[in-house]
Amino acid sequence: HFGFQTVTEAERREKIYQVFESVAKKYDVMNDSMTLGIHRIWKDIFVRKMNPCPGTLLLDVAGGTGDIAFRFLNYVRSVREGQLRRKLRQQQNLSWQEISESYQEDNLKSLGDSQVVVCDINREMLKVGKEKARHLGYSEGLSWVLGNAEELPFDDEKFDVYTIAFGIRNVTRIDLALQEAYRVLKPGGRFLCLEFSHVSNPVLSRLYDLYSFQVIPVLGEVIAGDWRSYQYLVESIRCFPPQEELKAMIEDAGFFKVDYQNLNSGIVAIHSGFKL
Amino acid sequence: PAGRASLSRTELRARDGRSGEEEEMSFQLYPGHIPTSPLQKALLAAGSAVMALYDPYRHDMVAVLGETTGCLALRSLRDKMKHHPEGYRILQERPRIRLSTLDMARLQGLPDGSLGREYVRFLEHNKVSPDTRIPPKFVDDEELAYVIQRYREVHDLMHTLLGMPTNMLGEVVVKWFEAVQTGLPMCVLGAAFGPVRLSARKLQVLATQLVPWAIQNGRNASCILNVYYEQRWEQPVKSLREEIGILPPPDVRV
């Protein structure tokens, strides 16, 4: 399905590619308008749940414009600063020579060897992301790779954490993407997925539907000059498996301790699983 | 967006529990048509009006505003066309003004002062093309969609007949003329708000000379959509102006 249309898998991939090619430049503006800025909070909560420690190697799939990657870098940087501060406090009895030596070796690792690889299938989205990184001053610990979530260009067991934020909905074969996620994670690695999900509360659900179908395509037309891509967006959310079903799919891929957390009554859900 | 495969919504009916509004959205009346509910039209009208004011280069927003607010005016225009022999023929034959349908070489070869020659001169001088007219999306009637398309494609000919360039001032003058001629709310809004970005000197010329002239022309002229321009390329502009009832432009210096 492409939204509510029935198409072949190849057609669906092509159509989705075109959608993101067309929306790439206005992606962030549209996210802010559609969610009234709340998507930033969802992403903050997501990274906080990840709670990465310095030295983590993160693969952010469908990471396009870099929102998760930048938050990850900020998070490990501040955790690292905290670590360094604590270390300094313990070094009060050292000589000046020893203190300056430890400064030198630590300052080279403000990120503590943490790295994030942003992987996206769409060149336009990656372009926007790279430009944003340049503009915001992110350079260390960040790399950009063109790749397909269903067939990742990475070796087995390479990453500590795999994230996919608002991307898995657009993958044509979700089962393959989950299998790939399992493959590239190290044992002990964590799978995290942030995605629009299903609202069970009937009142909220009606309001959400009304807003989604009546307002969002209009916003798409007015802000981005693109009704159809945003019509696709709201339809694809409705077609996506609900929380329990996605949980089962993640378990099928081999993950353990799979759980989900609803945000805003299920408008968005974070699914988590471990490779053991 | 042009070139995108049209999405039919027949699959929508398979989904139950959807609000009734989406059921009526299942039918695409013409290529590029996006069926919309009344609420969506209202939101589009408001949003496009704001965006068009905020960013005047968003011509697509002006187009959307025209489509979402023009229901009554388009119907009245269509009726005017139906009750006029030439207009009726246009509705039947549905001519389109596009580079692919125009024989540019032939028009350039026409004598100076003829409609065809002056039209081509206008296009070259202002570096515009008839192919930049946006096809309608939100008009829920296939014939009215053609009427608004025709109105858009004839716009450049209005510039030619009125002798107005495509700068902000010229556009505003043509909007005043079109507002009186068509009654389209988008033209009225454009005529009223367009001048906000003009300098004081231009505003003065506009208010004292150009707008009164445009309004007078708008009132006196017969319906501009009832002229089969494609069959009148050889006609001298002067003669066509007299026939329609448009006075030549006043001599202004800005």
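Predicted model: local features only at pLDDT ≥ 70, side-chain atom pairs only at ≥ 80, totals over all residues.
1. The buried residues of helix H2 of chain A pack against H1, H3, helix H6 (123-136), helix H8 (202-224) and H9 of that chain. Those buried positions of H2(A) are Tyr27(A), Met30(A), Asn31(A), Ser33(A), Met34(A) and Thr35(A).

2. Directly after H2(A) comes Leu36(A), which has a positive phi near 55 degrees. As a background remark, most residues other than glycine have a negative phi.

3. How many cavities of 30 Å³ or more does a search of the whole structure find? The search finds four, and the largest cavity has a volume of about 220 Å³. It is lined by 17 residues, of which Tyr27(A), Asn31(A), Met34(A), Arg169(A) and Leu233(A) are the closest to its centre. The elements of chain A that give two or more residues to this lining are helix H1 (9-23), helix H2 (27-35), helix H3 (38-50) and helix H9 (227-239). By class, the lining of the largest cavity comprises eleven nonpolar, four polar and two charged residues. Tyr27(A), Asn31(A) and Met34(A) are also among the buried residues of H2(A).

4. Chain A contains an open sheet of seven strands, arranged in the order E3-E2-E1-E4-E5-E7-E6, with mixed pairing. Strand E3 (142-146) and E6 of chain A form the edges; each has a single partner strand, so one side of each is left without a neighbour in the sheet. On average, neighbouring strands of this sheet are turned by 15 degrees against each other, direction ignored. Within the sheet, E1(A) and strand E2 (residues 115-120) of chain A pair in the parallel sense over five bridges. Leu57(A) stands opposite Gln115(A) in E2(A). Across E1, E2, E3 and strand E4 (159-165) of chain A lies helix H4 (residues 67-90), which runs at about 175 degrees to E2(A).

5. Asn51(A) occupies the loop between H3 and strand E1 (57-61) of chain A. The phi of Asn51(A) is near 45 degrees, a positive value in a residue other than glycine.

6. Asn264(A) is found in the loop between strand E6 (256-263) and strand E7 (268-274) of chain A. For Asn264(A), phi is near 50 degrees, which is again a positive value in a residue other than glycine. Is Asn264(A) buried or partly exposed? Asn264(A) counts as partly exposed because its relative accessibility is 41%, and that class lies between the limits of 20% and 50%.

7. Ser100(A) lies in helix H5 (residues 96-107) of chain A. At 34% relative accessibility, Ser100(A) counts as partly exposed. How far apart in space are Ser100(A) and Gly64(A), C-alpha to C-alpha? They are 40 Å apart, with a separation of 36 residues in sequence.

8. Chain B has twelve helices and zero strands. Buried residues make up 49% of its 254 residues. Among the contacts in chain B with a separation of 6 or more, 69% are accounted for by residues 24 or more positions apart.

9. The largest pocket holds about 1,100 Å³ of space. Of the 31 residues in its lining, Pro56(B), His59(B), Val62(B), Glu171(B) and Lys175(B) are the closest to its centre. Helix H2 (38-54), helix H3 (59-69), helix H8 (142-162), helix H9 (168-182) and helix H10 (185-193) of chain B each supply at least two lining residues. Which element gives the largest share of this lining? The largest share, five residues, comes from H9(B). By class, the lining of the largest pocket has 17 nonpolar, seven polar and seven charged residues.

10. Arg78(B) lies in helix H4 (residues 71-82) of chain B. Arg78(B) counts as buried because its relative accessibility is 12%, and buried means under 20%. Leaving aside neighbours within four places in sequence, Arg78(B) is in contact with Leu91(B), Asp141(B), Glu143(B), Leu144(B) and Val147(B).

Technical notes: Residues numbered from 1 in each chain as written. Chains lettered and ligands numbered in written order. Heavy atoms only, no water. 1 Å grid on protein atoms, 1.4 Å probe; cavity = no way out; pocket = protein on both sides within 12 Å on 5 of 7 lines; lining within 4 Å. Points joined across faces, edges and corners; volume = space filled by probe spheres on them. Helix = DSSP H or I, 4+ residues; strand = E, 2+ residues; numbered from the N terminus. Nonpolar A, V, L, I, M, F, W, Y, C, P; charged D, E, K, R; others polar. Buried < 20%, exposed > 50% of the residue type's maximum accessible area, 1.4 Å probe, protein only. Pairing = 2+ DSSP bridges. Axes fitted to C-alpha atoms, helices over the stretch in contact; angles between N-to-C directions. Contact = heavy atoms within 4.5 Å.
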